Amino acid sequence: MAEWNAFYQNEDEEQEQEEAELSGGDYKVSGRDSLVFLVDASKEMFIKGEDGQPSNFDMTMQVVRSVYTSKIISSHRDLVALVFYGTEQSKNQRNSFKHVYVYHDLDEPGAKRVQDVDALRGEKGAQLAAQTLGSGETSLGDALWCCANLYSDIKLRLSHKRLMIFTCRDDPHGGDSTRDRQARTKASDLKETGVLIDLMHLIKPGGFDVSLFFRDIVSPPEDDSELGLQLEPCDKLEDLQKRVRARETKKRALARLSLTLGEGLNVAVGVYATAVSARKPASVRLYRETNEPVRSKTRTFHTQTGSLLLPSEIKKAQVYGRKQIVMEKDEVDAIKKFHDPGLFLIGFKPMEKLKLHHHIRPSVFIYPEEGEVKGSACLFSALLKKCIERNVFALCRSVFRRNYPPRFVALVPQTEEVDEGKVQITPPGFNVIYLPYADDLRTLDPPRCPPASQTQVNKMKEIIQKLRFKYRSDAFENPVLQQHFRNLEALALDMLAPEDIEDLIMPKVDQIDQRLGPLVDEFKDLVYPAGYNPETKPAPKRKTADGGAGAEKKPKVGATADELKAHMQNGTLGKLTVTVLKEACKQFGIKTTGTKKQDLIDALNERLGS
């Protein structure tokens, strides 16, 4: 018979498990993601930029390498391919397409592929590319057809298919209408099969005009806006990496729920985690002889007969009032269920009613799901617009999963923000802020300390003002995680030693001393006595002679028989600590095999109640 607590998980544990699923590799998906890099290998791509800037081809290879390495670490089961078009040499299936070179087939990334891409970087890489690939005629239609064959040859189930075109030529066919028409037709065929085509256009003299050719090639953005076609070309490696990362990063919903605005009025929304704690990837158990992953299975056996127990034969129990209450699994689920999953609108409140201390756990983000309920995007947009105009938030009751306890949440509106390159920084939607219950708010008694004088306060204000800086979360990396990933990279790429990392969270002592100057010594003179040195340890206190030759008195941990009987009659034995219960068992000569709190309580009830 299993205890209730062995099966019941509180909300904090469920939250940690949910965050672990998000950041780890155990997130269950229905298929693998796939990404094909289609890179222009024309002579224009190898022209170096001004002031020693790398060429467009070199920047593209660096981005491809970064994606390869990130895939190996975070999602090694995804499929990646690298295809060049506009080449002199041809290498593809049965060499059916001229001037198309399949450098890497659609397969899982590995150390060998990263080394192959490294060989194409820099001046030596440009020379190797000229010898291996060369530059010839261009037929983007044949290149897209070749990429379609790569997808058709994959027998695995793919959940996400994306193709990225890297080029600095806005008119690749030089006005050849026949080849333009063939490319548009093949791009349309790829879109119908679920392949998303993105354009990562690079800088070129005179500017890149998307409307000449690529407007009909790329896939429209998911929000039906023209934002994807208005992007300026990338002239820096950081901009290109940021744009590729924004398109390549998975956007998976934690859950899809209905937001009930009134009776019969539902809006389908998806729940997303915008910020998740970075963790080390989960360890994988391997079989010692074959080095294959091991799958573990858990089975429950009867302690007396040794027979295998089915899930229907396992009961759950809770001791209440010295009685063991046995419940079926369905009964426990019915007790835990308050409502079906979803969001139910209660009302609206002004934004000033939402305080900073109401934020008790990381928030999530909701966005409409037009595919689930038609018209959700329009109604959601209208609700968001009115909340922003009136500066209010929506108060809702939420149940995000089945058998989850209900919570009150605040839907805080958020407008869309884009950067200078027209890349979206923050999406439009609602941030879901979890609100505390009344008994979650506690009044704490602050420790009583001597108050600081106004002179000391003013001096500390000067110090704080000197040490202030603009904080950015992306400026500080976790050194433990970075070292872990460097070790994995060195192991995968057969490097002699991992790359050195800079610990960005360590304080810059020299810079701090230079900024503060004499302020530190002035503050010490105001607060600490003369000759005080904080680095020296204080002298240990002498033990008094009245303490029985220096023997320390042990605190009393036992309880009298009358006190135990009173606790037993009131049913409050559970309030005593395990140490007190153990001393009570020794006092009455009770021998217990278990050391759990409930075992000790049961033994005392049996002895004192008889």
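1. The protein chain holds 17 helices and 17 strands. These are DSSP runs, numbered from the N terminus: helices are H or I with at least four residues, strands are E with at least two. This is a predicted model, in which local features need pLDDT of at least 70, side-chain atom pairs count only at pLDDT 80 or more, and totals for chains, interfaces and linings use all residues. Residues are numbered from 1 along each chain as its sequence is written, and side-chain values use heavy atoms, with hydrogens and water left out.

2. pLDDT is the predictor's confidence in each residue, from 0 to 100. Its mean over the protein chain is 81, and 85% of the residues reach 70 or more. Two stretches need care. Over residues 1–14 pLDDT stays under 50, and the model has 22 contacts beyond four places in sequence for them. Residues 18–29 also stay under 50, with 23 such contacts. A contact means heavy atoms within 4.5 Å.

3. Now the chain as a whole. Of its 610 residues, 33% are buried. Buried means under 20% relative accessible area, exposed over 50%, and partly exposed in between (1.4 Å probe, protein chains only). Take the contacts between residues at least 6 apart in sequence: 68% of them join residues at least 24 apart.

4. Look next at K459. It sits in helix α11 (residues 454–467). Is K459 buried or exposed? K459 is buried, because its relative accessible area is 15%. Leaving out residues up to four places away in sequence, K459 touches L519, E522, F523 and L526.

5. Most residues other than glycine have a negative phi. H99 has a positive phi, near 65°, and lies in the loop between β3 (79–85) and β4 (100–107). N391 also has a positive phi, near 55°. Its loop runs between α10 (376–390) and β13 (392–399). N391 counts as partly exposed because its relative accessibility is 44%.

6. Finally, the second largest pocket. A pocket is an open set of points on a 1 Å grid over the protein atoms alone, where a 1.4 Å probe fits, with protein on both sides within 12 Å along at least five of seven lines; lining residues have an atom within 4 Å of a point. The second largest pocket has 16 lining residues, and F469, F476, M506, K508 and Q511 lie nearest its centre. Helix α13 (residues 509–516) gives the largest share of this lining, three residues.
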